[in-house]
Amino acid sequence: MTQVVAALIRQGEKFMIFQRPENKTRAFQWEFVGGKVEAGETLEEALIRECREEIGVTVKVGKIFMEVDHEYPDITIHLTLFNAEISEGIPRKLEHNDIRCISPCEIPEYEFCPADDEILKKILADF
């Protein structure tokens, strides 16, 4: 099982989502920013690194919002989604095709990665 971290970055009543690039698996699907945890990293360290690499910002990592296990055809992941806030920088599309800030009611308008389904249900219920 591959450990993956991601950030739930809120902006008022909205949250940030990121569209995967054409050259990666699950191309053009939407997700939360993040990625794989490398050997020797804590989950929080991995999330800080991934946010710097993928969107060029420094984040302050908060509490865990939710954890999910998901099996894709090519990989099985344990995803830990943290509440996070941008402490430095402005998000840029360094690895993603697009960045949006949406309200929970807009979730059905986007095709998300399947691993995010349970998370999105919780956002709709709790946000």
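# Contacts, rings and the main pocket

Leaving out neighbours within four places in sequence, Arg 20 is in contact with Thr 25, Arg 26, Ala 27, Phe 28, Gln 29, Glu 31, His 96, Asn 97 and Cys 113. Contact means heavy atoms within 4.5 Å. This is a predicted model, in which local features need pLDDT of at least 70 and side-chain atom pairs count only at pLDDT 80 or more, while totals for chains, interfaces and linings use all residues. Residues are numbered from 1 along each chain as its sequence is written, and side-chain values use heavy atoms, with hydrogens and water left out.

## The loop between β2 and β3

Arg 20 is found in the loop between β2 and β3. Helices (H or I, at least four residues) and strands (E, at least two) are DSSP runs, numbered from the N terminus. Arg 20 is buried, at a relative accessible area of 13%. Buried means under 20% relative accessible area, exposed over 50%, and partly exposed in between (1.4 Å probe, protein chains only). The C-alpha atoms of Arg 20 and Ala 7 are separated by 15 Å. Along the chain these two residues are 13 residues apart.

Arg 26 lies in the loop between β2 (14–19) and β3. Its phi is near 55 degrees, a positive value in a residue other than glycine. Phe 28 also has a positive phi, of about 70 degrees, and is not a glycine. Most residues other than glycine have a negative phi. Phe 28 lies in the loop between β2 and β3. Phe 28 counts as partly exposed because its relative accessibility is 38%.

## Charges over rings

Arg 26 lies over the face of Tyr 72, at 3.7 Å from the ring centre. The charged end of Lys 122 sits over the ring of Phe 65, 4.8 Å from its centre. A charge sits over a ring if NZ of Lys or CZ of Arg is within 6 Å of the ring centre and within 35 degrees of the ring normal.

## Aromatic pairs

The structure holds three aromatic pairs. Rings of Phe, Tyr and Trp (its six-membered ring) pair if their centres lie within 6.5 Å; planes under 30 degrees apart count as stacked, over 60 as edge-to-face and the rest as tilted. Two of the pairs are tabulated here.

| Pair | Centre to centre | Angle between planes | Type |
|---|---|---|---|
| Trp 30 and Tyr 110 | 5.1 Å | 80 degrees | edge-to-face |
| Tyr 110 and Phe 112 | 6.5 Å | 65 degrees | edge-to-face |

The pair of Trp 30 and Tyr 110 links distant parts of the chain, 80 residues apart. Trp 30 is in strand β3 (residues 30–31), and Tyr 110 is in the loop between β7 (98–102) and α2 (117–126). Ring pairs link Trp 30, Tyr 110 and Phe 112 into a cluster. Trp 30 is buried. Tyr 110 is buried, with a relative accessible area of 16%. Phe 112 is buried too, at 7%.

## Arg 49 and Glu 41

Arg 49 lies in helix α1 (residues 43–55). Arg 49 is buried, with a relative accessible area of 15%. A polar contact of 2.6 Å joins its side chain to that of Glu 41. Another, of 3.1 Å, joins the side chains of Arg 49 and Glu 50. A polar contact is a pair of N or O atoms within 3.5 Å; within protein, one must be able to donate a hydrogen and the other to accept it, and residues adjacent in sequence count only if both atoms are side-chain atoms.

Beyond four places in sequence, Arg 49 touches Lys 36, Glu 38 and Glu 41. Glu 41 lies in the loop between β4 and α1. With neighbours within four places set aside, Glu 41 is in contact with Lys 36, Ala 46 and Arg 49.

## Ile 123

Ile 123 is placed in helix α2. Ile 123 is buried, with a relative accessible area of 0%. Residues up to four places away in sequence aside, Ile 123 touches Leu 8, Phe 15, Phe 32, Phe 65, Pro 104 and Ile 107.

## The largest pocket

The largest pocket has a volume of about 570 Å³. Of the 26 residues that line the largest pocket, the closest to its centre are Val 4, Arg 20, Glu 31, Gly 34 and Gly 35. The elements giving two or more residues to this lining are β1 (2–11), β4 (34–36), α1 and β6 (76–88). On a 1 Å grid over the protein atoms alone, a pocket is an open set of points where a 1.4 Å probe fits, with protein on both sides within 12 Å along at least five of seven lines; lining residues have an atom within 4 Å of a point. Grid points are joined across faces, edges and corners, and a volume is the space filled by probe spheres set on the points.
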